[in-house]
Amino acid sequence: MNSAPLSGLYAPSLSLLTDLYQLTMAYGYWQQGLQDREAVFHLYFRRAPFQGGYAVAAGLAHVADFLENLRFSDDDLTYLASLRSAKGAPLFPADFLAYLKTMEFRCDVDAMPEGTVAFANEPLLRVRGPLLQAQLIETALLTIINFQTLIATKAARIREAAGTDTVLEFGLRRAQGPDGGLSASRAAYLGGVDATSNVLAGQRFGIPVKGTHAHSWVMAFEDEETAFTAYAQAFPDDSVFLVDTYDTLEGVRHAIKVARTMRANGHELGGIRLDSGDLAYLSREARELLNEAGFPGVRIVASNDLEENLITSLKLQGAKIDTWGIGTQLVTAYNQPALGGVYKLAALRKPDDSGWDFTIKLSEQLAKTSTPGILQVRRYESEKGQPRADMLYNTAEPLPAQLTIVDPLDATRRRAVRPETAFRELLEPVFRQGQLVQPLPTLAESRTRAHREVLALDPSIRRFLNPHTYPVGLEETLHDYRTRLIREKRGVQGG
Ligand SMILES: Nc1ncnc2c1ncn2[C@@H]1O[C@H](COP(=O)(O)OP(=O)(O)OP(=O)(O)O)[C@@H](O)[C@H]1O
Ligand SMILES: O=P(O)(O)OC[C@H]1O[C@H](OP(=O)(O)OP(=O)(O)O)[C@H](O)[C@@H]1O
Ligand SMILES: O=C(O)c1cccnc1
């Protein structure tokens with residue numbers, strides 16, 4: 001039991017992919033007869049990762065997969081039946097487990113399609129349905145969306161730095177285990193890399209697979225030239241030689257020598273790879289050697305702990321690098337290893353079914369106080385499709401004719417919306433009554449969306465250093481309601 005097959009990842013019976021407290025709360029709700037009280041939760045993050053100005057939403061396809069397969073198998077229930085309370089009694093009584101056995105997922109889910117650009121405090125996803133179920137799925141939703149959104153965002157930043165150069169993801173060996181590697185490869189592709197070295201990700205998700213060869217290949221032959229010749233024999237039209245095993249520029253000369261033989265036999269060397277040393281200097285020198293030898297088409301691949309800031313710096317230094325191989329920094333999101341996405345209750349149907357109670361989580365910090373309602377995110381865009389401002393509003397209440405967006409952190413900052421401004425509603429129906437409404441976009445389509453949406457952002461929001469804060473606010477009546485609720489909950493009479 002300690003080595004579940006990898007093929008089970010994202011496949012049936014991940015229903016126990018949760019924290020124990022979700023199940024203990026589920027039992028408690030059931031015992032109190034609250035299991036079917038209609039509830040609304042929102043999933044959002046409070047700060048964009050990497051001190052950046054935006055995030056790229058990712059992971060919804062795996063969330064959908066998880067929810068479609070959410071049912072407790074006999075094995076799951078046997079395990080739950082084996083859990084014991086402090087006094088040794090069963091933690092979960094048999095009649096509750098019998099309830100779980102027949103339970104079918106019935107929630108509505110609305111979400112930003114994968115590849116949508118998202119900002120702090122905007123619901124990426126909204127769940128509406130029976131309290132027990134909407135609560136139970138919290139942990140799985142967060143673990144899937146937090147990680148994939150984080151990695152897709154990192155990839156978008158690397159894409160930004162690389163411009164139109166090719167970017168390859170090489171991270172599997174340094175990833176947070178097999179699933180970390182697999183979902184990172186998917187999210188990195190969604191966020192903008194061109195291919196992965198991860199063959200399982202290629203098979204599972206249809207991502208193009210690419211690669212060069214390791215130092216060990218060179219070390220396995222008596223000399224570098226022999227090693228390159230042997231590789232070219234195996235892959236006459238798909239060779240990229242790693243040239244830095246002994247002396248990088250000597251390595252380039254050996255590559256050129258073998259490339260000449262290849263050309264004489266009707267083949268062209270694809271590229272060389274630099275993996276150490278001063279990549280700006282070495283790439284310029286290598287480019288010159290290759291060009292002088294008549295190989296301007298041989299590409300220069302660079303790897304070695306690269307990330308967006310290094311790529312930017314290398315470009316400023318005049319590096320002649322065509323392809324960036326990125327591993328550790330991308331798949332582990334090295335400089336920010338977690339996205340702090342949260343899942344908060346925002347509405348509960350009144351016990352007599354006469355309407356909604358909107359709920360709020362208070363915090364010492366206003367920024368951490370949640371927003372009540374059944375929220376939608378409306379993105380206002382310029383005529384050219386450039387995002388201008390986002391407005392959160394409560395779909396359970398009528399919208400006033402004149403809309404005003406209020407900054408929740410500084411209510412003096414508000415802007416009136418001109419009625420003719422074009423907008424999109426970002427949360428789209430994904431599940432209704434537990435059923436997928438329509439097939440989700442393919443990974444390739446989500447990747448295209450991510451590319452389009454990131455490029456549509458103003459460069460001031462995309463920049464790495466002190467990016468401009470994109471305006472996200474609350475519709476005025478929602479803001480006023482939230483303020484009243486905060487006062488009420490603090491025991492201060494509003495006025
Ligand atoms: N011109 C450059 N400007 C800034 N950083 C660079 C430049 N060239 C390389 N780097 C980066 O510097 C870091 C250290 O590279 P370097 O090759 O000197 O050390 P290393 O990785 O320990 O080398 P080796 O692989 O030979 O052990 C890497 O992240 C590399 O990408
Ligand atoms: O630096 P990263 O961004 O994580 O990219 C992946 C790294 O993995 C490989 O090194 P490794 O030493 O594992 O094997 P090698 O012999 O193929 O270089 C490769 O050469 C890269 O340097
Ligand atoms: O194909 C490559 O060059 C490669 C693959 C994985 C890790 N580093 C490099």
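## Basis of the model

The model is predicted: local features need pLDDT of at least 70, side-chain atom pairs count only at pLDDT 80 or more, and totals for chains, interfaces and linings use all residues. Residues are numbered from 1 along each chain as its sequence is written, while chains are lettered from A and ligands numbered from 1 in the order in which they are written.

## Domains and their contact

The domain assignment of the chain gives two domains. Domain 1 comprises 7-152 + 338-373 + 426-469. Domain 2 spans 159-332. These bounds come from an automatic or database domain assignment. The C-alpha centres of domain 1 and domain 2 are 38 Å apart.

Across the boundary, 16 residues of domain 1 are in contact with 17 residues of domain 2. Contact means that the C-beta atoms, placed from the backbone, lie within 7 Å. On the domain 1 side, helix H6 (138-162) and helix H15 (443-456) each supply at least two residues. H15 gives the largest share, five residues. By class, this side has nine nonpolar, four polar and three charged residues. Here Ala, Val, Leu, Ile, Met, Phe, Trp, Tyr, Cys and Pro count as nonpolar, Asp, Glu, Lys and Arg as charged, and the others, Gly among them, as polar. Helices (H or I, at least four residues) and strands (E, at least two) are DSSP runs, numbered from the N terminus.

## UniProt spans

UniProt lists residues 168-348 as "domain: Nicotinate/nicotinamide phosphoribosyltransferase", in an unreviewed entry. Over residues 168-348, the chain is 45% helix and 14% strand. The end C-alpha atoms of that stretch are 46 Å apart.

From an unreviewed entry, UniProt also lists residues 377-480 as "domain: Nicotinate phosphoribosyltransferase C-terminal". Residues 377-480 are 22% helix and 33% strand, with end C-alpha atoms 17 Å apart. UniProt positions follow the numbering used here, feature names are shortened, and annotations may be inferred rather than shown by experiment.

## Ligand 1

The shell of ligand 1 includes the run Ser276, Gly277, Asp278, Leu279 and Ala280. A residue counts as near a molecule if its C-beta atom, placed from the backbone, lies within 6 Å of it.

Helix H12 (279-292) and helix H13 (308-316) each supply at least two residues of this shell. H13 gives the largest share, three residues. The classes are five nonpolar, five polar and two charged.

Ligand 2 is surrounded by 16 residues. The closest are Phe170, Ala214, His215, Gly327 and Thr328. Helix H9 (215-219), strand E11 (323-326) and helix H14 (328-331) each give two or more residues to the shell. By class, the shell has four nonpolar, eight polar and four charged residues.

Around ligand 3 are Phe170, Ser197, Gly211, Thr212, Arg273, Ser303, Gly325 and Gly327. This shell divides into one nonpolar, six polar and one charged residue.

## The six-stranded sheet

Six strands form an open sheet in the order E17-E16-E21-E15-E14-E18, with mixed pairing. Two strands pair if DSSP finds at least two bridges between them. Strand E17 (414-416) and strand E18 (422-425) are the edge strands, each pairing on one side only. The twist averages 35° from one strand to the next.

Strand E14 (residues 375-381) and strand E15 (residues 387-394) run antiparallel, joined by seven bridges. Their hairpin has five residues between the strands, and Gly385 there takes a positive phi near 85°. Arg379 has Asp390 in E15 as its bridge partner. Tyr380 stands opposite Ala389 in E15 and opposite Phe423 in E18. E14 and E18 pair in the antiparallel sense over four bridges.

E15 and E21 run parallel, joined by three bridges. Met391 stands opposite Gly473 in E21. E16 and E21 run antiparallel, with two bridges. Ile405 has Glu475 in E21 as its bridge partner.

## A helix across the sheet

Helix H17 (residues 476-489) lies across E15, strand E16 (404-406) and strand E21 (472-475). H17 runs at about 80° to E21. Axes are lines fitted to C-alpha atoms, for helices over the stretch in contact, and angles run from 0 to 180 degrees between N-to-C directions.

How values were computed:
Two residues are in contact if their C-beta atoms, placed from the backbone, lie within 7 Å.
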